[in-house]
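I opened this model to look at packing. My notes follow in the order I checked things.

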Amino acid sequence: DPDIQRLRLCLEVAHNPVNNHAMFFFLHADFNDIPTGDLLTISQASHRLSLSLYDLIRGRHISQLSLEDPDKVTSCVARLERWYRLQFNASLGETAEFILNDSGLLAPLMASPNRVERLERLRLFFTMIKSLAAFTKYPRLKTLLDKLVLREKYNLTLSLTTQNGDIPAVRLMTAHKAKGLEFDVVFLTQAVDRLWGDKKAR
């Protein structure tokens, strides 16, 4: 899924910003909006100075380059540094959620006509993260990234069972299944006389 791949790229550079392969694709991602000419200048300088892309854009050398929009690069570095620090101070789920929100990935997704289906895929991805956190001692970004590599190796995909995003639909679920989800409208069946589930008053 393209949205999950873009989020995965963000998670990879957050975990290991000196990974030049991941950083190259991250810097070229449309949500960073770095001009093409600046990307070329940065890549050439990285090669010429034998520096990783990350060391170049966060170091003193970046100010010596003639960039069309240096503020875009500065903003990108600030995000990367926030993400890198966060992984050591927050849970895996909190880290992934923060990066999703901070990256700017959600804005175009929410404006998409098939946003319901795309959001459902992201929900499944975060359900996998929650499951990983429940069954792994001290899960970190590396734990998640290793799991994604393993899933990719064995061609395991996240199955999508919801309706097409273009079709308005009603989702039926138990209260436990709905935990942590948000909806504009919620109908509770048989929720009368302060009784819940096992008929005990609540």
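This is a predicted model: local features need pLDDT of at least 70, side-chain atom pairs count only at pLDDT 80 or more; totals for chains, interfaces and linings use all residues.

**Entry 1: S52.** I found S52 in the loop between α3 and α4. A polar atom of the S52 side chain lies 3.0 Å from the backbone nitrogen of D55. Is S52 buried or exposed? S52 counts as buried because its relative accessible area is 14%, and the cut-off for buried is under 20%. I then looked for partners beyond four places in sequence, and S52 is in contact with V18, N20 and S46. V18 is 34 residues from S52 in sequence, yet their C-alpha atoms are 6.0 Å apart.

**Entry 2: the core.** I looked up the largest nonpolar core, which has 44 residues. Among those with the most contacts inside it are L11, I42, F125 and L144. Which helix gives the largest share? That is α1, with seven residues. I checked I42 next. Beyond four places in sequence, I42 touches L53, L56, I57, I62, L65, L67 and V73.

**Entry 3: α8 and α9.** I compared the axes of α8 (residues 115-135) and α9 (residues 141-153): they come within 11 Å and cross at roughly 115°. The crossing is right-handed. On the α8 side I listed F125, M128, I129 and L132; on the α9 side, T143, L144, K147, L148 and R151. I sorted the residues of this contact into six nonpolar, one polar and two charged.

Conventions. Residues are numbered from 1 along each chain as its sequence is written. Side-chain values use heavy atoms; hydrogens and water are left out. Axes are lines fitted to C-alpha atoms, for helices over the stretch in contact, and angles run from 0 to 180 degrees between N-to-C directions. Helices (H or I, at least four residues) and strands (E, at least two) are DSSP runs, numbered from the N terminus. A crossing is left-handed if the near helix is turned anticlockwise from the far one by less than a right angle, and right-handed if clockwise. Contact means heavy atoms within 4.5 Å. Ala, Val, Leu, Ile, Met, Phe, Trp, Tyr, Cys and Pro count as nonpolar, Asp, Glu, Lys and Arg as charged, and the others, Gly among them, as polar. A nonpolar core is a set of buried Ala, Val, Leu, Ile, Met, Phe, Trp, Tyr and Cys residues joined through side-chain atoms within 4.5 Å. Buried means under 20% relative accessible area, exposed over 50%, partly exposed in between (1.4 Å probe, protein chains only). A polar contact is a pair of N or O atoms within 3.5 Å; within protein, one must be able to donate a hydrogen and the other to accept it, and residues adjacent in sequence count only if both atoms are side-chain atoms.
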